[in-house]
Amino acid sequence: MQQQEQQAIGALQSLDASHHLHPFTDTLQLAGRGTRIISHADGVYVWDIHGNKLLDAMAGLWCVNVGYGRDSIADAVAAQLKTLPFYNNFFQCTHEPAIRLAAKIASLAPVHMNRVFFTGSGSEANDTNLRMVRRYWDLKGKPGKKTIISRKNAYHGSTVAGASLGGMGFMHQQGDLPIPGIVHIDQPYWFAEGRELSAQDFGIKAARALEAKILELGEDKVAAFIAEPFQGAGGVIIPPDSYWDEIKRILSKYDILFILDEVISGFGRTGNWFAATTYNLTPDLITIAKGMTSGYIPMGGVIVSDRVADVLVNEGGEFAHGFTYSGHPAAAAAALENIRILEEERLVDKVREDTGPYLQARLRELCEHPLVGEVRGLGMVGAIELVADKDSGARLPADMGAGMLCREACIEVGLVMRAVGDTMIISPPLCISRAEIDELILKASQALSLTFAKIAAR
Ligand code: PMP
């Protein structure tokens, strides 16, 4: 690379360090290291400004479901921007992209869910959920039902309500969260917290924490239970099979609403349009974002069941909630084209029948590696637990930062994986081919060996 180009990149990095506050980032540390500037992308690959090509096994931030470089989405957005760049959905108005998208999503959602409330992000959608479930119970004449039960180590967003609904202790520590009326039960993380029991027994135990909490608070105080089908940001935590069956039993026994946060799992990641189908769940509200537009334009929303919608619509009058960009026309156009691609290329079926099982089988080969204690996943998500001792699952010393070492090793070999502590996670674009999965696994195994060598050298 020419000296001039190097200088231009250095200048960009220094502008970034001076002016750009990054999300979930230690800015001081970042300024010392310098940011990696991503310049372009195509298919399942991204390139940094130095020309390094990386296989993006995280689909951006779990969102680029149809892969990068889809001109037809860019064209649909451009056409919409030229026709009607913005109009709101307030005051008796709407526009065609929002109408068509709501109807399309209703057609893909579980049969008992037929309406959509649009937001700009997953966090806003979970804020909407909080307001919607409380409104529902007010209208039902049960204003005491206010508390929402969530789980430790859940992720539901970064707004005040989103971070409160989430169960991330390090987020709660900043800014006196959670807000009142939100409580957290233990998570179904067998590998980290339940190995003294069989996975199935632990799954039942973790689910019964919900029943215990409902009884402790009183059913008449509980508005809803919120959960991700599998915890994404928490470390791709797939509950034992027994977990959701037991949760279903509990939810059917008590009169509380069920919010399923499908911001990551929605739009095909588990091999069905929604993980509600994969796990045979009947949520009252589904949170969506990310794969809805494959991240080409920001958008989120809540899919609302007939049970909730009938009360809000028929008995509620005005629901005093909404965002300027609820159902933004360009975002809706992106979502419609994104869904069209998912359908035309049968990407959801492929994940269920072909590439998902193939990824899962190949991923499990990494279990052989001396650094790996467990591999788990379903569809197009997976996790690799890095451990000191394969048999006991004992962790490496925290100050070793094995997860971060592995993430850096991934970059060295041309792969993007994310580290959550010492859990390496992946969530590749749904369009990934078998050959690209082979490349992912090869690079992951190279990165594991590099990490192993680095740890041994210490
Ligand atoms: N819920 C879940 C399950 C998520 O994974 C995320 C984002 N990672 C959110 C909510 C928040 O979405 P957003 O970042 O679009 O606000």
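Predicted model: local features only at pLDDT ≥ 70, side-chain atom pairs only at ≥ 80, totals over all residues.
Residues are numbered from 1 along each chain as its sequence is written.

Me: How far apart do the C-alpha centres of domain 1 and domain 2 lie?
Reply: The domain bounds come from an automatic or database domain assignment, which gives domain 1 as 36-66 + 346-457 and domain 2 as 72-344. Between the C-alpha centres of domain 1 and domain 2 the distance is 26 Å.

Me: Which element gives the largest share of the side of domain 1 that touches domain 2?
Reply: Two residues are in contact if their C-beta atoms, placed from the backbone, lie within 7 Å, and 27 residues of domain 1 are in contact with 24 residues of domain 2. Helices (H or I, at least four residues) and strands (E, at least two) are DSSP runs, numbered from the N terminus, and those that give two or more residues to this side of domain 1 include α3 (59-62), β11 (372-378) and α15 (347-364). The largest share, five residues, comes from α15.

Me: Which helix gives the most to the shell around the ligand?
Reply: A residue is near a molecule if its C-beta atom, placed from the backbone, lies within 6 Å of it. Of the 16 residues around the ligand, those that come nearest are S121, G122, S123, G157 and V263. With three residues, the helix that gives the most to this shell is α6 (residues 122-139).

Me: Are α16 and α17 oblique or roughly parallel to each other?
Reply: Axes are lines fitted to C-alpha atoms, for helices over the stretch in contact, and angles run from 0 to 180 degrees between N-to-C directions. Helix α16 (residues 402-413) packs with helix α17 (residues 434-457) at about 130°, their axes being 8 Å apart. Angles under 35 degrees count as roughly parallel, over 145 as roughly antiparallel, 65 to 115 as roughly perpendicular and the rest as oblique, and therefore α16 and α17 are oblique.

Me: Which residues in α13 does α6 meet?
Reply: Helix α6 packs with helix α13 (residues 306-315) at an angle of about 65°, with their axes 10 Å apart, which makes α6 roughly perpendicular to α13. From α6, the residues M132, R135, Y136 and L139 take part, and in α13 they meet V308, V311, L312 and E315.
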